[in-house]
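Here is my notebook from an afternoon with this model.

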Protein chains: 2
Amino acid sequence: MLLRVDSDRMRADFDALAEIGATPDGGIARTTFSDAHVAARAWFQERAREAGLETHVDSAANHSAVLPARDPGARTLMLGSHLDSVPQGGRYDGALGVLGALEVIRAVKDADLDLPVALEAIDFTDEEGTLIGTFGSYALAGQLSPSLLAAPRGGRERLVAEFERMGLTEDGVLAASRDPATLAGYLELHIEQGPALERSGIDIGIVTGIVGSSSFRLVFEGDARHAGTTPMDARRDAAVGAAAFVLGVRETVTCDFPGCVATVGDIATEPGSFNVVPGRATLRMECRSPDAAELDALEQALVELAHEVTGEFGLDLTVERVGRFEPAPTDERVRSALTNAALALGLTTMELPSGAGHDAQALAAITPSGMVLVPSVGGISHAPTEHTAWEDCVNGTNVLLGATVALASDAGEHVVPVRHP
Amino acid sequence: MLLRVDSDRMRADFDALAEIGATPDGGIARTTFSDAHVAARAWFQERAREAGLETHVDSAANHSAVLPARDPGARTLMLGSHLDSVPQGGRYDGALGVLGALEVIRAVKDADLDLPVALEAIDFTDEEGTLIGTFGSYALAGQLSPSLLAAPRGGRERLVAEFERMGLTEDGVLAASRDPATLAGYLELHIEQGPALERSGIDIGIVTGIVGSSSFRLVFEGDARHAGTTPMDARRDAAVGAAAFVLGVRETVTCDFPGCVATVGDIATEPGSFNVVPGRATLRMECRSPDAAELDALEQALVELAHEVTGEFGLDLTVERVGRFEPAPTDERVRSALTNAALALGLTTMELPSGAGHDAQALAAITPSGMVLVPSVGGISHAPTEHTAWEDCVNGTNVLLGATVALASDAGEHVVPVRHP
């Protein structure tokens, strides 16, 4: 008989978690290291202890709940996601994956299965990029470079202040990497965050790979001048240059890079009053592609565009790349395990790439990794109206459970070459 | 012999005032009711009391220093400007006019002149528009409408909070109006804030009139969506619409309204992160024209543009006009007095309109008003690098003094019809 997760128990936990950092519009505000985020992580580990699991926090602040194997030298199969959110986020993104991982491990424990691997449910630090983006998972994968810490997406000043406040150090963060030989794989359950599953009427998405992304901070500098006395032709208006760039980004990616996306997610003008021509505009921009070479070309086209625009309007330009995540294909054996688990449950599946970045992107570089997606209503995510039917949440978690049991059992039957770092 | 102001005394005061709210880049941050602004106003009245002048504060928080006339029923000739600044402003805008007014009154007092009018140096509240814009002068002129208080430029919430904090009430503010029959005129010394005087090599500008201006808050609403999973053609990106509007404003005013200016001084996007398509963009926009009908047409063209742009990008739009100041011609007799005073000092003059709004705009509606401008280096203002040669500051103040004595003496010789409100 197939194991199933406890839908009611998981639902109660889901609702309790959604209260932490809840916003009046039904969403979640749980940016990295905010009070709500810290509270959610503490709540997660408390629930794990109540279930009889071990808990630990590593030096990159990743929070784990562990069901050890009988053999203390056994490898670990990890299941996880993240409890942080974007500033005005939804209740499912990240949270479902962490709760699903916890529920799968509780189900295995309840069934008293004797697996040849340890199971670890992990809540990775700062997936959404308040500070860096997929920070905890890259740290664990040993792929967090000092240069990324030097010019992080949220600004160096904020990073230093938050590390200090949370008792983290850069040495500690860089030392959070795990020996790949100790890992048996990584599985992540997540909402799709796009419309493909809903449009196709398919229950379960099996991720073929995660697109790569690059993020940039661009500063357009002109002259802050009196808006009443400075003639139109004597202005160096940073907002005008920024506006031309925003339209150019859209045109460039639409016309020349049809498989990609690019977004100016934030524009901030200074000094920012009615009666002063903006002297500075600071933009946050990112672009994504499933192919590394195409991502290179897209990056180059957008940076060239910024130079053209600032030249046209007589502005100065500073461009800083503040993040680059390589496209990451998932593991074929893991994909099969997820697909088989879904089929055994009578669920329909489709393979699809993930346009969103995920912690699995970091893990894929060091251990066999895979992701299972469930439909997002209207394709909405990163917004308070983000929603997934509860039945789909449970379906995805049962697929995660089935694949976990299959891969864990399998892991005992394979000789794995030990890799020394 | 011509009276002259005391350059050294005024310079010492100017330097002391420039310390209050000084920023590291040599500028001033003295937005309305900030600690620095409150301190500057207290300092001004303290200096006035040291000079033996009376001081008072009216129910719109306008700060005055008064040299009474021998006849307690005499009318008042006002001289003034403002001590508040834009968020990152310079040391001359407003401050020169208040200090010049104080210095003129001290010079008249030192010379023991027996004028048939009282002289009042006044520091008007919130000229720059942290809350409303030329707020104190419009209140004094009885032209502050309840509707302006209901939808102020800095937002209703901020207005209510600041009124509460500063002990102001709306009834009090509306009751701050002066009976025009008690006034003999209004003079204001100000830096030009544009390049005309410097380019022409002229010492003194005599303002023919002040351009009218309108300010708007525009909110572009789209959908906040995941920047990685939402295809380009499925987006309602508020930043893209805002960008098209910013470029359109520039094109509209440049092509169709050559004598006018229009500025988007601020763009704020929400939620404002790399990986979310902006769901909302809030813009602050203003436009100016020397002619009321042209200002009407410009307003209409820009609002139509906003509707066109939001239609094109599938966005929702909210437009709120948060300020309108009518064009205000200056008084011919006051212009003559200023010109004659300059000529008597051997200074060159030119007549010019003021592209900047000023407190004189409000006063012109109720009493004969005029303005004298001195050159701004590079035409720069509303910026830390704003600068006027000290000799020009002194020249302007001496012109203010000469015109004050002439108009004051004159005022005693004219029968003025008493107006009942």
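The entries below go from conventions to domains, helices, the chain pair and a few backbone details.

**Conventions.** I am working with a predicted model, in which local features need pLDDT of at least 70 and side-chain atom pairs count only at pLDDT 80 or more, while totals for chains, interfaces and linings use all residues. Residues are numbered from 1 along each chain as its sequence is written, and chains are lettered from A and ligands numbered from 1 in the order in which they are written.

**Domains of chain A.** I looked up the division first: domain 1 covers 7-211 + 327-413 and domain 2 covers 212-325, with bounds from an automatic or database domain assignment. Their centres, taken over C-alpha atoms, are 33 Å apart. I then listed contacts (C-beta atoms, placed from the backbone, within 7 Å), and found 12 residues of domain 1 touching 13 residues of domain 2. The domain 1 side has 5 nonpolar, 6 polar and 1 charged residues. In this scheme Ala, Val, Leu, Ile, Met, Phe, Trp, Tyr, Cys and Pro are nonpolar, Asp, Glu, Lys and Arg are charged, and the others, Gly among them, are polar.

**A helix pair.** Helices (H or I, at least four residues) and strands (E, at least two) are DSSP runs, numbered from the N terminus. In chain A, the axes of α1 (residues 7-18) and α3 (residues 95-110) come within 10 Å and cross at roughly 145°. Those axes are lines fitted to C-alpha atoms, for helices over the stretch in contact, with angles from 0 to 180 degrees between N-to-C directions. Which residues meet here? I noted A:M10, A:D13, A:F14 and A:L17 from α1(A) against A:A95, A:L99 and A:E103 from α3(A). By class, this contact has 5 nonpolar, no polar and 2 charged residues.

Next I checked the interface: 54 residues of chain B are in contact with 54 residues of chain A. On the chain B side, α9 (238-256) is among the elements that supply at least two residues each, and α9(B) gives the largest share, 9 residues. That side has 25 nonpolar, 22 polar and 7 charged residues.

**Burial and backbone.** I call a residue buried if 20 or more other C-beta atoms lie within 10 Å of its own, exposed if 12 or fewer, and partly exposed in between; C-beta atoms are placed from the backbone. Helix α6 (residues 156-166) of chain A is hardly covered, with 1 buried residue among its 11. A:G167 follows α6(A) and has a positive phi, near 75°.

Is B:Q193 buried or exposed? B:Q193 is buried, with 25 other C-beta atoms within 10 Å, and its phi is positive, about 70°, although it is not a glycine. B:H382 also counts as buried, with 30 C-beta neighbours inside 10 Å, and has a positive phi of about 55°.

My last entry is a cis peptide bond joining A:E270 and A:P271, with omega about 0°. A:P271 lies in the loop between β9 (261-270) and β10 (276-277) of chain A.

Technical notes: Two residues are in contact if their C-beta atoms, placed from the backbone, lie within 7 Å.
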